[in-house]
Amino acid sequence: MDLVNVKSCQMPIDQNLNQKHGVGLSITDIAYLSNVNLIAISSTKCCLELYDYHSLQTNGDFDKKVTIAGLEICATCIDYWVDPEDVSHAILIWGDSRGSITALIFKGCPDLCVLNSKVSRQKSTKLHMLQIAKGRVCGTKLVKFEDIHHDFVKKVKYEPTLGVFLSSSSDCKFADMAQ
């Protein structure tokens with residue numbers, strides 16, 4: 001594979017974040033949400049931000065489409081899985097610095113309405129974890145596995161053939177959690 005066209009973008013930096021936490025912004029992981037053409041970015045901002053990849057192709061910059069706010073602690077790694085036979089069934093999963101695993105399971109929501117950048121090309125949506133936990137977001141279920149590890153989560157993945165979430169941490173443990 002030849003890398004002919006390499007693009008780099010800078011994430012907008014919130015100066016208040018630096019003053020509030022005394023540290024600079026750090027991106028902890030990135031995942032591509034192929035069925036909705038979004039890029040999910042986790043950072044020390046204690047939220048997940050989803051950017052429209054199409055906008056990078058057309059105007060050379062990322063347009064933020066969805067912010068998932070209200071994370072108790074920052075996500076250290078993220079992954080995304082989509083059912084190849086039913087693209088309205090997908091899972092956005094992340095591990096955090098406390099050793100917990102969180103998954104948003106999207107099922108039965110046409111075009112993953114809250115994530116679909118085609119639906120909201122011109123505006124950005126903000127979702128709060130409390131809304132999702134209370135079942136107020138269409139076709140979205142929140143699953144959380146608290147304190148699975150004694151240290152931050154380094155890697156997380158959904159394994160569809162086993163129907164489990166897999167994770168690893170620097171505490172020399174790995175875990176599998178059934179849905």
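## Contacts and overall make-up

Among contacts between residues at least 6 apart in sequence, 48% join residues at least 24 apart. The model is predicted. It has 3 helices and 12 strands. Buried residues make up 42% of the 179 residues.

The accessible surface comes to about 9900 Å². Carbon and sulfur atoms account for 51% of that surface.

## Salt bridges around glutamate 49

The structure holds 4 salt bridges. One of them pairs lysine 45 with glutamate 49, at 2.9 Å from N to O. Lysine 45 is partly exposed, at 22% relative accessibility. Glutamate 49 is buried, at 1%.

Glutamate 49 also meets lysine 64 in a salt bridge, at 3.0 Å from N to O. Lysine 64 lies in strand E4 (residues 63–69) and glutamate 49 in strand E3 (residues 48–52), so this pair ties together parts 15 residues apart in sequence. Lysine 64 is partly exposed, with a relative accessible area of 32%.

## A link between strands E5 and E10

Aspartate 79 and lysine 157 form a salt bridge too, at 3.4 Å from N to O. Aspartate 79 sits in strand E5 (residues 75–83) and lysine 157 in strand E10 (residues 153–159), so the pair ties together parts 78 residues apart in sequence. Aspartate 79 is buried, at 13% relative accessible area. Lysine 157 is partly exposed, at 39%.

Shared partners join Lys45, Glu49 and Lys64 into one salt-bridge network.

## Glycine 108

Glycine 108 is in the loop between strand E7 (101–106) and strand E8 (125–128). Glycine 108 is exposed, with a relative accessible area of 62%. Its C-alpha atom is separated by 8.5 Å from that of cysteine 138, 30 residues apart along the chain.

Methods:
Residues numbered from 1 in each chain as written. Predicted model: local features only at pLDDT ≥ 70, side-chain atom pairs only at ≥ 80, totals over all residues. Heavy atoms only, no water. Helix = DSSP H or I, 4+ residues; strand = E, 2+ residues; numbered from the N terminus. Buried < 20%, exposed > 50% of the residue type's maximum accessible area, 1.4 Å probe, protein only. Contact = heavy atoms within 4.5 Å. Areas by Shrake-Rupley, 256 points an atom, 1.4 Å probe, with all protein chains shown as cover. Salt bridge = Lys/Arg side-chain N within 4 Å of Asp/Glu carboxyl O.
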